[in-house]
Amino acid sequence: MISIARKLHEAGVLGLNERNADYIMRLNPRRFYPRVDDKVLTKKLAIAAGMAVPELYGVIEHQVEVKNFANIVAQQTSFVVKPAEGSGGDGILVVTGRSERKRDTFRLSSGVLMSEGEIQHHISNIVGGQYSLSGHRDKALIEYCVHFDPTFAEVSYQGVPDIRVIVYRGYPAMAMVRLPTRASDGKANLHQGAVGAGVNLATGMTLAGVLENKLVEDHPDTGAIVSGLQIPHWDFILETSARGYEVSGLGYLGVDMVIDADLGPLILEMNARPGLNIQIANREGIANRIRRIEEIYDAAATPAERAAAARREFPAKA
Amino acid sequence: MEQRYVFVLAALLTAIGMAVFFYKWQVLGFPVTENQETPVWTVEAAVSFDSGPGSIRAQLRIPTLTPGFRMLNENSVSRGYGYGTPFGDDGRIAEWTTRRADGRQTVYYRVTVYEDKKVDESDTTPPFPPMPVIREPMNTAVQVLVEYARERSADTASLTSEVLRRLNDPSPDANVELILSDVDNAADFVAAVSEILASARIPSRVVHGFPLSERQRGANLVSWLEVHDGDRWRYFNPVTGEESLPKQFLVWWRGNAPLINVEGGSNVQVAFAIQENHLDAVAIAETQSAHRGGSAVDFSLYSLPIRTQSVYSVLLMIPIGAFIMVIMRNMIGVDAFGTFMPVLIALAFRETKLFWGVILFTLLVTLGLTIRFLLDRLRLLLVPRLSAVLIVVVMLMLFISMTSHRMGLEMGLSVALFPMVIIAMTIERMSVVWEERGAADAIRAGVGSLFVAIAAYVFMGMKWLEHLIFTFPELLLIVLAVVLLAGRYTGYRLTELRRFRELVKDK
């Protein structure tokens, strides 16, 4: 047991305790948490910084506004409903279309039909705080549903694949692509059964995937090879995630982005407590990279310079 | 930086906790194990006399300094008498006074003592005794004896032994016979030895007392010799000359003065009775620290009302449960619902006992979860839904109690002791996880919670630990220190070794 711990330590694998005590508590000041925990605020800050985000159709803050839902989405055929303070992808509803016959029935990304009343109940739950991190009242966001880039069409089962970049003190340290599966119900969270694939920071090429902590070569639903895919707009993605540091003020940050077929990379959300599974997806510990960033850290570097440094310093090992 | 503060703080807390603990344990004698009993002896002196016509003043010598024993309490039974314990020339005196009394009178003095090896002589070093004035030819005989003993000895102790050996010689020489001509009892003998030693400028005194036995009526006083060697008092058997003290010897009084002195009374008799009892060690420690005027007893939980005590004996185990939580969560990495839910469940287990506790908990959560899923279809708002689940949980508890009572299973009744709000929240949380992450995750976390609750129950139920924490609440400072240290533990959790094992497999 101790020998495994020592090996993991040598491999630079970061554990939860160390992440919480040494990075999150030290580098992420509490007062900045609302910037990333409240997705409405995140969106505002990102827009102010000139970053691209999915368009916001409407926010439902109070129980009485729930009935406005139909008006908000009247012009939309596809949209996403999510809690402003949700975590881990809980409470997100992806609506991809409407029933041809009945306009008040919606089709979810999983193919399931849901009535307007059911969606309103879901929004009530969100507003009531069921998915909120702190358990108190929350807001429901209704926003643009990303038409994702065809790059990952082969390796996704419904839902929207996204790109997670861990940014340490403004320097991108590690990245992965999260691919929804049938098991994850179209959601891009690894603990819900999505496939994670590490990304070579130097090139933006995907590495082999990981499913439930196990290495996989191909997608469990589509059978397509996960590795060797070139992520489009990679430079832009790295630089945008590096700028997430200035926007959020958090030194240990997870930036989630999606690539829209028409609009290019968009910032979905940011995370003050990004998970550690990214290490498994990259088959590499993140602690060594963090140490390297501390060595090359330059407070005056621009986001573009920091992104370039990450490309230079962190090519994939294999 | 934080690291250093945490270490300093933890060290400080541990030091304070340990210091108070050791003081209470070693000095005040609080027992570290439960039901520790200490033998105590109650010695009763019954003084009886025929009263004269006038006022009466009865003086009984009572224990002052008792090496090897500590006094627990003392009292007097004497109807119609004024009572006090003033200091006399050779120690304390129990004094009874009355203006008039009729017929035969009996007054009692009672003292309870227990063994405490730490009680040493608290006497100061006595001055060299003055040369006694002894008439001739006795003086010459004493001088010869002392010279003889001095030649054959190296120090005070051996000189004393030598004198005693000469005096106890079965075929005494003329000098010894002369010295002992006035001696007719053991106390006089020891007094004579004391005078001989005084002429050799050695401080000594007569000690009167008795070896404590289990139960004795009419215990006889034994006279012993106490000699100061310039450093400490030493005890000598006046008959054999050996340096020793009888086993469990309680010193009653010292010096040549008589045990009892009654003015205005006649036909005086003193009878001693000894009774051994066993007392809870805690009670003794309590009394003792109260005697010292120490504040330790003021903060002792034993000074609280009994009902409050029983509440605290449970409450004080909660930190232990929280500590187990820390270990399970941050060191092992067990997935569980709610930070302290398992600790509260463990508290309920204390009443229901483990087997029934697990069964009832599982039953309650399963039934509650089923009904929660049914409620889900009604699309209730969050707070009303939580309240509905709470009401259902209460009704389920009632149902389980009634059913098991009908079936003759009395253990089912204890289901009422489960913290229903916590259970309702657990059910709600579990159903959300169930929906969001799937049944596997929900059940894993549910079983994890139960596992942590069982672990917490096992530790919180340890009788010796409960006694230890209750008697020495300052030990919680040490628990706090360990929890603080755990708060800065940045190593891997046990489950992470499994989770990340892919990362080191091929290396």
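Predicted model: local features only at pLDDT ≥ 70, side-chain atom pairs only at ≥ 80, totals over all residues.
Okay, let's begin with the cores. The largest nonpolar core has 106 residues, and the ones touching the most other members are Val163(B), Val193(B), Ala346(B), Leu364(B), Val393(B) and Ala456(B). If you're wondering which element gives the most to this core, it's helix 9 of chain B, residues 341-352, with eight residues. Take Ala346(B) and look around it. Leaving out anything up to four places away in sequence, Ala346(B) touches Gly321(B), Ala453(B), Ala456(B), Tyr457(B) and Met460(B).

Now over to chain A for a helix pair. Helix 7, residues 234-248, packs on helix 10, residues 303-313, both in chain A, and their axes are 8 Å apart. So how are they angled? The angle is about 125°, which makes helix 7 of chain A oblique to helix 10 of chain A. As for the handedness, helix 7 of chain A passes helix 10 of chain A in a right-handed crossing.

Who's actually meeting whom there? From helix 7 of chain A we have Leu238(A), Glu239(A), Ala242(A), Arg243(A) and Glu246(A), and across from them in helix 10 of chain A sit Pro303(A), Ala304(A), Arg306(A), Ala307(A), Ala310(A) and Arg311(A). Sorted by class, that contact has six nonpolar and five charged residues, with no polar ones.

Most residues other than glycine have a negative phi. Arg169(A), though, has a positive one, near 50°. You'll find Arg169(A) in the loop between strand 7 (162-168) and strand 8 (171-179) of chain A.

With 16 C-beta neighbours inside 10 Å, His233(A) counts as partly exposed.

Last stop, the place where the chains meet. How many residues are in contact? 23 from chain B and 28 from chain A. On the chain B side, the elements giving two or more residues are helix 11 (382-406), helix 12 (420-437), helix 16 (494-499) and helix 17 (502-505). And by class, that side of chain B has ten nonpolar, ten charged and three polar residues.

Technical notes: Residues numbered from 1 in each chain as written. Chains lettered and ligands numbered in written order. Core = buried A, V, L, I, M, F, W, Y, C linked by C-beta atoms within 7 Å. Buried ≥ 20, exposed ≤ 12 C-beta atoms within 10 Å, placed from the backbone. Helix = DSSP H or I, 4+ residues; strand = E, 2+ residues; numbered from the N terminus. Contact = placed C-beta atoms within 7 Å. Axes fitted to C-alpha atoms, helices over the stretch in contact; angles between N-to-C directions. Parallel < 35°, antiparallel > 145°, perpendicular 65-115°, else oblique. Left-handed = near helix turned anticlockwise from the far one by under 90°. Nonpolar A, V, L, I, M, F, W, Y, C, P; charged D, E, K, R; others polar.
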